Amino acid sequence: MEESEKGIAARHLSREEILRDYRIACESREVSLLGRREVLTGKAKFGIFGDGKEIPQLAMAKVFEEGDWRSGYYRDQTFMLAAGMMTLEEFFAQLYGDTDLDANPAHGGRLMNNHFASRSLDEKGNWKDLTRQKNSAPDSSPTASQMPRLLGLALASKLFKQEKSFQKQSLFSRKGREVAFGTIGDASTSEGHFFEVINAAGVLQVPMAVSVWDDQWGISVPNKLQTTKGNISKILSGFQKEKDTNGIVLFSAPCFDYPLLVETYRKGIALCREKQVPVLFHITGCTQPQGHSTSGSHERYKTAQQLQNEKERDGIVQMRKWMLKNSLATEDELYAIEQEAKARAKEARKNAWNHYMKPLKEKRAVLLKLLDHNCDCGKKNELLTIKKTLQRTGDPIRKDIYSAARQTLRYLCDSCEVNGRPLKETIREWLVNELKDSRKRYSSHLYSESEQAAEKVVPVAPVFDGEKRVPGREILRDNFDYIFAHNPLVVAFGEDVGKIGGVNQTFEGLQDKYGSHRIFDSGIREASIVGEGLGMALRGLRPIAEIQYFDYILYALQVMSDDIATMHYRSRGGHKVPLIISTRGHRLEGIWHAGSPLSMVINSIRGIHVAVPRNMTQAAGFYNTYLASDQPVLIIEPLNGYRLREKRPVNIGEYRIAPGVPEILRTGNDVTLVTYGSDVRIAQDAVRQLESFGVDVELIDVQTLIPFDIQGVILNSLKKTNKIIFFDEDVPGGATAYMMQKVLEEQRGFYHLDMKPRTITARAHRAAYGTDGDYFSNPNAEDVFEVTYDMMHQYDPQRFPDIF
């Protein structure tokens, strides 16, 4: 842009607005500088800041409207300040880890600093009006993890614009005019998530606006080792949208040119908002004055000349020169703004620190008062040392206070009394209440705690009229038909889901009936499929994201583990993701279609429920349950059950299966056999064989692995049989070990054992191909028979003689 054009751009801005922006930039820079000092002096644990990116973020904030969404990363502090979504005190509250949600509303101290978020839910977990506030999805640290959810946030706008039934949902959208803003560092564009999402956005044509802050470094690694040609715009030139094609629109501007940045963002976001096309802003020449974070110094890997060049092109320095050159401010005015910014930053630091420390010092004072006694305990010296150590701690944290109380309880004698009450009892009661409060601060909201929590959904049993049987996939299809007819916010998508109705025909004919905006195909891109579901769920839709086979969920596991599973927890109840991830697994053939690595999943996605139905009737019931809840869930349909015939419920779409409640499929007195999914049929076969040999098995289907047996059904069975076997086709030490720990340790089932517990699992390797490969890789009915019979043989060898 020529200087004259810059002048035209500048005339769109009032002098007051320009000076206000400069003040925000200076304040943002000052808190970055102070933040680093707070870490280096020990007041904070870690710091990562947005210095050097101030000017383009001012420009971006100008076009960010109520209803819009941000999915960004930890350099965006100036944007958050300029958009009015964060205060300077909140910046420091995050740095100190303040757990007061009023002071630290983004996450209540659960994340490191500069992890930003708005709050979409009220205190009861109900939706706020998202169209009347500026929205930010909760940040996550892994690089490029913001991209998959960004795609879904943008796709929701497209669907809200095109699908009339969605437009009635006034809390979530204004007919789809919202833009999803994404930000990312240039080095992180090397991640696969970035390219997958850029490709998907170009295909889908959604209002997604990505800003790449390009400072030529990824920590200590220069851009030439990160990006082909050292320039992300050149790489993406093939994605450029042309006449009569899809694709993305590329913009580029230097990080230090304030008027050009303002004009570029105005032009680009107007196009994105009105035409619903994805745009990318490549912001070049950014700097990072303090290096990557407080963990290191960039003087270690940048030359003196490189450091000097960065100082000269610093955006704040250049904006200052531009204002003086164009007579927009005097030297004295700018100096005054800069001094006021320093004073305001220091004031914010002081306010935040005092707010953080005040309740902690009050807690310490309460405990010290309790410890101020004259009891002549045998461990008096130890007690005095604990007390003096706590007194001398200048800025106590909860760890200091609670540690002192817990150590005190070790040494207090039972005879010490204060005001006629045992002191030990008083301190113990105080400590128990304090720890209970702190567990809420640090451990709440892993799962939904609202009235819509899945465990609170009232179960409704399937009702059968006669013995008519249909293929299992028809039960799912008809159940989905009911869902789409009665829940206008539901969408379903994935590979082959739309036109052909799914690889197993469970959506057969439904796209024709409900339209391609509600049931649609996706490309082969599992990470962004799940990301689409995540973003749409944040926007209030009820997505069902299908991953065609359970083995392929590995592509999406990072999104599930780092983002979806932690969303409700890391925002401390500020956001919810009512997403259903649908897939199919178990008992097919070969390494990549056996579909049983359950332990890998249940141990990496805590925060997401995991349902493992044994047939399609149960699977349909789980879809109904979770669509009535606000809890994300992974539902794994039994892969080999679509053609098997089942009795068709007459209350299709209305019955609901209770999560966390195992079902006893056969009562028995000799041994408890616990399994799930496709293995239930194998277990049923084995149980029939065992029955003919006089072994009376109680067979239990756990139904969900998360939550697991919340009513103690398995424990009650074990109390009766005193013998237990856990059976599945995961690897040894996998989900069977998980189930065993739940029952024997958590439910204290070890008290009721007459025999050592057993597990039946697959081999340590993945399943080999073919029927024989499956037979020798995965457990079969003979395995279940022999392990169970052998247990009975050891228990009563006369009644059950050795047969193998």
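I take helices (H or I, at least four residues) and strands (E, at least two) as DSSP runs, numbered from the N terminus. With that, I place P707 in the loop between β22 and α23 (713-721).

**Ground rules.** I am reading a predicted model, where local features need pLDDT of at least 70, side-chain atom pairs count only at pLDDT 80 or more, and totals for chains, interfaces and linings use all residues. Residues are numbered from 1 along each chain as its sequence is written, and side-chain values use heavy atoms, with hydrogens and water left out.

**Confidence.** I checked pLDDT, the predictor's confidence in each residue, from 0 to 100. The chain has a mean of 94, and 99% of its residues reach 70 or more. I noted residues 1-5, where pLDDT stays under 50. The model has 3 contacts (heavy atoms within 4.5 Å) beyond four places in sequence for that stretch. Where pLDDT is low, the predicted coordinates should not be read in detail.

**Whole chain.** I counted 26 helices and 24 strands. The C-alpha trace spans about 100 × 85 × 50 Å along its principal axes. I then looked up the radius of gyration, taken over C-alpha atoms; the globule rule is 2.2 Å times the number of residues to the power 0.38. For 804 residues a compact globule would come near 28 Å, and the chain's 30 Å agrees with that. Of the 804 residues, 59% count as buried. Here buried means under 20% relative accessible area, exposed over 50%, and partly exposed in between (1.4 Å probe, protein chains only). Among contacts with a separation of 6 or more, 79% are between residues 24 or more positions apart.

**The sheet.** I traced an open sheet of 7 strands in the order β13-β12-β14-β15-β17-β16-β22, with mixed pairing. Its edge strands, β13 (519-521) and β22 (704-706), each pair on one side only. The twist averages 20° from one strand to the next. Axes are lines fitted to C-alpha atoms, for helices over the stretch in contact, and angles run from 0 to 180 degrees between N-to-C directions. Two strands pair if DSSP finds at least two bridges between them. I found 3 bridges joining β14 (residues 542-546) to β15 (residues 580-585), and these strands run parallel. I544 has I580 as its bridge partner in β15.

**Buried residues.** Where does R398 sit? I find R398 in helix α14 (residues 398-411). R398 is buried, because its relative accessible area is 11%. Beyond four places in sequence, R398 touches several residues, including T99, L360 and Y442. T625 is in helix α21 (residues 616-627). T625 counts as buried at 1% relative accessibility. Its side chain reaches the backbone oxygen of I657 at 2.8 Å. T625 also contacts A454, V457, R656 and P659. N778 lies in the loop between α25 (770-777) and α26 (781-795). N778 is buried too, at 5%. Among the residues N778 touches are R587, E729 and D783.

**Backbone notes.** Most residues other than glycine have a negative phi, and most peptide bonds are trans. I found a cis peptide bond from I706 to P707, with omega near -5°. S327 has a positive phi near 55°. S327 is in the loop between α11 (315-325) and α12 (331-371), and is exposed at 63% relative accessibility. D496 has a positive phi near 75°. I place D496 in the loop between β12 (490-494) and α17 (510-514). D496 is partly exposed, with 35% relative accessible area.

Definitions and conventions
A polar contact is a pair of N or O atoms within 3.5 Å; within protein, one must be able to donate a hydrogen and the other to accept it, and residues adjacent in sequence count only if both atoms are side-chain atoms.
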